[in-house]
Amino acid sequence: MASASLISDTEPWKDLKEHVNEINKTHLRDLLNDVERSQSMMVENDGIILDYSRQRARLDTIDKLFKLAEAAQLRQKIDRMYNGEHINSTENRSVLHIALRAPRDKIFYSDGKNVVPDVWNVLDKIKDFSERVRNGSWVGATGKALKDVVAIGIGGSFLGPLFVHTALQTDPEAAECAKGRQLQFLANVDPVDVARNIKGLNPETTLVVVVSKTFTTAETMLNARTMREWISSALGPQAVAKHMVAVSTNLVLVEKFGIDPANAFAFWDWVGGRYSVCSAVGVLPLSLQYGFPTVEKFLNGASNIDTHFHSTPFEKNLPVLLGLLSVWNATFLGYPARAILPYSQSLEKFAPHIQQVSMESNGKGVSIDGIPLPFETGEIDFGEPGTNGQHSFYQLIHQILFPDCLLRFCLGDLLLPSLTFPAHQISRLISDQIEEFAVYFQIASYMGSTIPLPVLWWFSYKVSEILVVATFGRVIPCDFIGAIRSQQPVYLKGEVVSNHDELMSNFFAQPDALAYGKTPEQLLLENVAAHLIPHKTFSGNRPSLSLLLPSLNAYNIGQLLAIYEHRIAVEGFIWGINSFDQWGVELGKVLASQVRKQLHVSRTKGEPVQGFNVSTTTLLTKYLEAEPGIPFDTTVLPKV
């Protein structure tokens, strides 16, 4: 039974809160000069290197975080998960996605039963079915091979498999196995998504995989009925059994839908949707595309990290270190966001997947015992592959605005013709904000009644280095993810470096740019024009970490996924929340159901909108006033 006390009541938590004041007096330039510290913050497991030396942390910070982990009973909570205890207490369930990629001889219990044999029964069934489809022994209603797969699902039933599929598309071994085949994902209930998915497809060669545990998910089932109609209208209703399969546990509804229950692939209530990519949810469509042997390598990679996470001391444990650092950044340093920056285009769907895993898991306002939390949890996750992101949002990550007091005299007063400023005015303005900096102005005053502009920029920068701590909302810790070997190496004769080396040059440079920044002194030495100094000044001190993988094959992709899954669990274990439910999602579904009923009676019976607030009523009425453009007494499919 979880303790009703909050982690914020413990001494290690209070110690870390005090420790923030010490860290705020440091700069990453100085921390990185400590060679022993930096070397101690590099960890390797199975060829994956984690470098967290660019975090705003000292070695004693890490020790304090380990003490926090002890106070939060992190080791015991990990053990409880691996023992199959019902750590998802609000839904009374085990959390055993680790069993989905376990070796056959591994034992994981849920409610007194070893679930690994059940997992492998489904995996063997997937292997058999996917091989029959791929080799042409399972064909469609007209006898043609099924070379095109559309997987219907939403949330975790979509984002995880899409990430893995996108990552494997350009892996040479996986791409060879996928020749002549295509895999698409239909998630959005927007009919445009249906139109895009069926464009260019032939119903005769298309297999549809419907993913819904209960076979009642509103968006998924509407899309499934739409695809059923698309198949039936072309091939007849009897074709559904040959062209549609299910990933579900509700065999009654599967059969009622028209799918043969023998072609339903199970998963279990101890698998959360956002953790389900290693179940039939992901394994079935991915095996149809790449073959089961490729997908099994992906599962083996995830299993490697599962073992590492459970057995490795915290000091060398990749997910634990990452999770503790995330807690440090989000809760103690007050950085609400995290940028996930993979320097590989094949990982373009990684950040969206982790965005869901992280924000749905840890976006909680109460403890696992239902106590409102007096501290912030979760992170706002976003990201884009490098170097695309560098030309998109890195500007904001690199350069925080000076605080308001500095903006007023550093920017606004630049309109004055003199380009110099009264020292006594600046002294009064700043000393009101930071008493300890009054000495700078006393010294500056000896220079005369005004302060030359270059000195002002230098001083402004020094003040901003301190005040930047108070402007938390603009500091975004970054995860840089790179691979030593490219999936698709390219080199042009005569070029200085290969294409991958050019990419990785940025991978190695950006963390240092964020850490060190650029000072006015450096700019002055470079003879930068005075009026450009504020624009080219970067305070640095922005934290990041680097993950360097040996390559991005199926095994490594599985490792990367599991590292982040466990990292997110560690955060939740420390915060004392339930990272495995999602009641906020359920609330939206209930409200959408009410709107759906209103739209039905308004469209079919002309009834007015009622029962909503004035805002929703007004918008719904306006929406219904427009001609829908389609009849409601006959079936209409996309025209593509």
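The model is predicted: local features need pLDDT of at least 70, side-chain atom pairs count only at pLDDT 80 or more, and totals for chains, interfaces and linings use all residues. Residues are numbered from 1 along each chain as its sequence is written, and side-chain values use heavy atoms, with hydrogens and water left out.

Helix H13 spans residues 280-290, and eleven of its eleven residues are buried. Buried here means under 20% relative accessible area, exposed means over 50%, and partly exposed lies in between (1.4 Å probe, protein chains only). Among the buried residues of H13 are Ala280, Pro285, Gln289 and Tyr290. Helices (H or I, at least four residues) and strands (E, at least two) are DSSP runs, numbered from the N terminus.

**Overall architecture**

The protein comprises 27 helices and 15 strands. Of its 640 residues, 52% count as buried. The protein exposes about 28300 Å², of which carbon and sulfur atoms supply 55%; accessible areas come from the Shrake-Rupley method with a 1.4 Å probe, and for residues only the protein chains shown count as cover. Among contacts (heavy atoms within 4.5 Å) between residues at least 6 apart in sequence, 76% join residues at least 24 apart.

**A buried aspartate**

Asp148 is found in strand S5 (residues 148-152) and is buried, with a relative accessible area of 3%. A polar contact of 3.1 Å joins its side chain to that of Gln182. Such a contact is a pair of N or O atoms within 3.5 Å; within protein, one must be able to donate a hydrogen and the other to accept it, and residues adjacent in sequence count only if both atoms are side-chain atoms. Leaving aside residues up to four places away in sequence, Asp148 touches Gln182, Leu201, Thr205, Thr206 and Leu207.

**Cavities**

The structure holds three cavities of 30 Å³ or more. On a 1 Å grid over the protein atoms alone, a cavity is a set of points where a 1.4 Å probe fits but cannot get out, and lining residues have an atom within 4 Å of a point. Grid points are joined across faces, edges and corners, and a volume is the space filled by probe spheres set on the points.

The largest cavity contains about 60 Å³ of space. Of its 13 lining residues, Ser326, Asn329, Arg338, Pro477 and Arg567 are the closest to its centre. Helix H15 (318-332) and strand S10 (337-342) are the elements that give two or more residues to this lining, and H15 supplies the largest share, four residues. The lining divides into six nonpolar, three polar and four charged residues. Ala, Val, Leu, Ile, Met, Phe, Trp, Tyr, Cys and Pro count as nonpolar, Asp, Glu, Lys and Arg as charged, and the others, Gly among them, as polar.

The second largest cavity contains about 40 Å³. Its lining includes Trp268, Cys278, Ser279 and Ala280, while helix H6 (residues 116-135) gives the most, four residues. This lining has eight nonpolar residues, one polar and no charged.

**Backbone features in loops**

Asp46 lies in the loop between strands S1 (42-45) and S2 (48-51); Asn92 lies in the loop between helix H5 (74-82) and strand S3 (109-110). The peptide bond from Gly386 to Thr387 is cis, with omega near 5 degrees, and Thr387 is found in the loop between strand S11 (380-383) and helix H17 (394-398).

How values were computed:
1 Å grid on protein atoms, 1.4 Å probe; cavity = no way out; pocket = protein on both sides within 12 Å on 5 of 7 lines; lining within 4 Å.
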